[in-house]
Structures are given as C-alpha cells and as structure tokens.
Amino acid sequence: MDQNLTPSSPEQMQRYLKAAQIFTPSAPIDSQELFAGRPEQISQVVSAVAQKGQHVILYGERGVGKTSLANVISQIMRGYSEQKVFSTIVNCDVIDDFTSLWQKIFREFDSLREYADNPPEEITPESIRYILQRNLGKTIIVIDELDRIGRPDATELLADTIKTLSDHLVDTTLILVGVADSVNELIAEHASIERSLVQVQMPRMSRNELYELLDKRLNLLAMTVQDLVRENIALLSQGLPSYTHLLALHSSQKAITRNSDCIEKSDLDNAIRMAVNKAYQSIANTYHQAISSSRKTIYAQVLLACALAKKDNLGFFTPPDVAKPMSLIMNKKYQTTGFARNLNDFCEEKRGSVLCKKGIERHYRFRFVNPMMQPYVIMQGLAKDIIQQEDLKNFS
Ligand SMILES: Nc1ncnc2c1ncn2[C@@H]1O[C@H](COP(=O)(O)OP(=O)(O)OP(=O)(O)O)[C@@H](O)[C@H]1O
Ligand SMILES: [Mg+2]
C-alpha cells in the first residue's frame, strides 16, 4: 500500500524535513512569525504587562495554545519596549512547593542565581518582592502548568506575592498559566488580588485562525491545498491547533512523496489513518475501551455522533443534540431513547469515562472529559468508513 511512501530524492527529503520543522503538533510555538491569530488575547496580555501593578492569569482548555501565547508575549514586548525586558518561563511540577518554584525562577536570571544557590532562610512573598525589586528591571515571569502544583499553600502564597508586587509597583509581571479550574480556585479564594490580576481566557482557535496557521506554513513549503481538504483539516481540528499541525504534517509529507505541490483528499485520508494508528496513545486506549464489545453494538456510532454534536461554549451537549448527527450517521431517524443508555455507559469507568455528565436526571448535559478525544473520535469515524470526508460539512 502507498501509505508508507518515503522520500526518494535528496530534494524530496529536504522538503519532507522542512515540513517536519514547521508543523509542530507536540511543541509550543516559540517564534512570533509562526504564531497565528489571537489578536485579542495578545493585546489583553500586552497591555497588562505594560502596566506596573498588573499581573495576568491565562487559562483555557488543554492544548488550545496557552504556552505558545506566553512564549511570544516576551518577544512582542521586547520589540516595543525601550528598556531591556527580561523574561523566563518555568513549569510547575507536582513536587513543587512555593520555595522550590522560586528557586527554579531565580536560577533563570544571572543576577538572581545567588539566591537559588544560597536561598534566604525562608522564601516568603515579601522576600521575593524585595529580591525582584532590587535586582531586576522590567521582567516577565511566566509560571506555566499552574494546575500541576502539588501543594495547595503554594497557590495561596503566589496570590500573596501578586498582592505585594502589585502594592509596591514592582516592575515584574507574573503570568500564571493553567487550565480553568486552577484559575477559578485562585481567584475565588483570594478576592484581594482580583484588581491586580487580568484574566485572559484562551478559547479554542476559530476556523479562520486555523486557516491562517495552515496557510502561513504551506506558503513556506511552497505548497497549496485543495479547498475541501483545507476545510476538513480545520473542521476535524475542532479549534485545537495541535490536530491542525498533525494532519497538515502528515498530509503535506504524503503529497511531497507523491512529487506533488498540492495536498489532495487522498493525502488527508492517509494522514487520518496515521493519526489514529500512531498518535496520542492514551487517547487511542480510552477510545477502544469506550467502544469495545464482543457483540455488534452502536457504541462507535453514538460516540461519533457525540463528537459531531453541536456544543455550547464549554463543550457541553444534550441528548437531543446527539440525535441529529446520529440519524445522519445511521441513515435512519433516531430518538434519544435509542442511545440514552450508551451515553450513560460512556460516563462509567468500564467505558473509559470518556464522557462526564452534569445536571439532574432527564436534563443531563454531557461533555468529553478530554477535549483532545473529540477530533480523534471523528477521525476514527472516517478511518472506519462510518462517515466520509465529503459528509463532514453537513455536521458543522
Ligand atoms: N497561535 C498558534 N499558531 C500556530 N500554532 C499554535 C498556536 N497556538 C498553539 N499552536 C500549536 O498548538 C499546539 C498546542 O499549543 P500549546 O502547547 O501552546 O497549548 P497549551 O494550551 O499550552 O497546551 P497544554 O494545556 O497541553 O499545556 C502546539 O502544537 C502548538 O505548536
Ligand atoms: Mg502548555
């Protein structure tokens, strides 16, 4: 099968590797040129950074592009600021407490390294304020993966740090990055910092932002893409940019090995098969647990209908939302009673807890526990021939 075509000339190999460099499904963006969209979020963060006493909390679902935005903010500030701007980005770990987190941060700056090597007896919000104020100029400190921090008192101390940095107008901006719940906790428990903290929500990327991501990179590769394929890559990504990178990477490489400059439907077919077979192992495992059965069942179809169902802003859908795609998939009219049991089963551990539900009986709303599951389920639907690429737009 031509699925495993590999580059056959040095020129092909060069383009093949270039595609791998510019489509980065598993790495955050670190350069402004390759960063697509997000004008609102950029201007919110940049104007907070420019103001002394303001700090930022950047939150959103997994994989929407939070770290990428945090990465390019420092570059943007350097471009505009007359003074030198220092910056760093550190990740929280489960074993971190407040002291170990700040030791990590101190290590990142030459002028603060002595505090990392010989930490003050006790690292407190006040001692941090003093150290930053005495030793650094304009500085951006990004604290990423806030939700992973193991010790609950660490977030409380971080809130106190924000308060004191803000009260003393220290020229350091903290940008805290995390998934939504960690943010709500921080704000809910520390109303006193609400005024010093700008909350920036990272939504999923819009269709046009995904097109921008794609077009910019295809341009660099001197490649084009058929309209239907371009639309389907964006549709399948469901606003999650890592899927756009993944599908574009495999389909452009496939086109390159065909010696073509234009990505066609067959290239995307191939990319979808590669994605469901090779990428995201833990998602694949949960998927198989959710649909597996020794008998003939409709679990795969119902899960696909859930993935294609209309969702609210937070990703929730109701059983009637599922009925429409389910009827299209099965080619016959389905009522909610036809799959209600399957929806409930998906919330059980036995079926991988692929969905969760909220609300009261008869008015349950459902949601995919892991947002990355949704595009995967649709790609499985295509790979298993339950639906066709041509049908995708009927569901949007
Ligand atoms: N503005 C953008 N333009 C182009 N690609 C992007 C953009 N934002 C994110 N990406 C891509 O999307 C993927 C996810 O981005 P990123 O790691 O920044 O998300 P995240 O929200 O920090 O994820 P996580 O919650 O897992 O930490 C990466 O492959 C990254 O290259
Ligand atoms: Mg991240």
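Me: Which residues of α17 are buried?

Reply: A residue is buried if 20 or more other C-beta atoms lie within 10 Å of its own, exposed if 12 or fewer, and partly exposed in between, with C-beta atoms placed from the backbone. Helices (H or I, at least four residues) and strands (E, at least two) are DSSP runs, numbered from the N terminus. In α17 (373-383), the buried residues are Met-373, Gln-374, Pro-375, Tyr-376, Val-377, Ile-378, Met-379, Gln-380, Gly-381 and Leu-382. Because 10 of its 11 residues are buried, α17 is largely enclosed by the rest of the structure.

Me: What should I know about the origin of the model and its numbering?

Reply: This is a predicted model, in which local features need pLDDT of at least 70 and side-chain atom pairs count only at pLDDT 80 or more, while totals for chains, interfaces and linings use all residues. Residues are numbered from 1 along each chain as its sequence is written, and chains are lettered from A and ligands numbered from 1 in the order in which they are written.

Me: What covers the buried residues of α17?

Reply: Two residues are in contact if their C-beta atoms, placed from the backbone, lie within 7 Å. The cover of the buried residues of α17 includes α10, α11 (241-257), α12, α13 (281-291), α14 (299-308) and β9. Asp-385 follows α17 and has a positive phi, near 65 degrees.

Me: Which residues lie on the covered face of β9, and which on the uncovered one?

Reply: In strand β9 (residues 365-368), Phe-366 and Phe-368 make up the covered face, and Arg-365 and Arg-367 the uncovered one. Asn-370 lies in the loop between β9 and α17, and this residue counts as partly exposed because it has 18 C-beta neighbours inside 10 Å.

Me: How many bridges join β8 and β9?

Reply: Two strands pair if DSSP finds at least two bridges between them. Strand β8 (residues 355-358) pairs with β9 over four bridges, in the antiparallel sense. Lys-357 is opposite Phe-366 of β9. The two strands form a hairpin with six residues between them, and Gly-359 in the turn has a positive phi of about 105 degrees.

Me: Where are Ser-353 and Glu-145 found?

Reply: Ser-353 belongs to the loop between α16 (340-346) and β8. Although not a glycine, Ser-353 has a positive phi of about 45 degrees. Glu-145, in the loop between β3 and α7, is likewise not a glycine and has a positive phi of about 60 degrees. Glu-145 counts as partly exposed because it has 19 C-beta neighbours inside 10 Å.

Me: What is the order of the strands in the five-stranded sheet?

Reply: The order is β2-β3-β4-β1-β5, in an open sheet with parallel pairing. β2 (86-91) and β5 (197-202) stand at the edges, each with a single partner strand, so one side of each has no neighbour in the sheet. From one strand to the next the twist averages 15 degrees. β2 pairs with strand β3 (residues 139-144) over six bridges in the parallel sense, and Val-90 has Ile-143 of β3 as its bridge partner.

Me: Which strands does helix α3 touch?

Reply: For such angles, axes are lines fitted to C-alpha atoms, for helices over the stretch in contact, and angles run from 0 to 180 degrees between N-to-C directions. Helix α3 (residues 66-80) packs on the sheet and touches β1 (55-60), β2, β3, β4 (172-178) and β5, its direction making about 175 degrees with that of β3. Helix α7 (residues 152-167) also packs on the sheet, touching β1, β4 and β5, and makes about 155 degrees with the direction of β4.

Me: Which residues come nearest to ligand 1?

Reply: A residue is near a molecule or strand if its C-beta atom, placed from the backbone, lies within 6 Å of it. Of the 20 residues around ligand 1, Gly-65, Lys-66, Thr-67, Ser-68 and Pro-241 come nearest. α3 and α11 each supply at least two residues of this shell.
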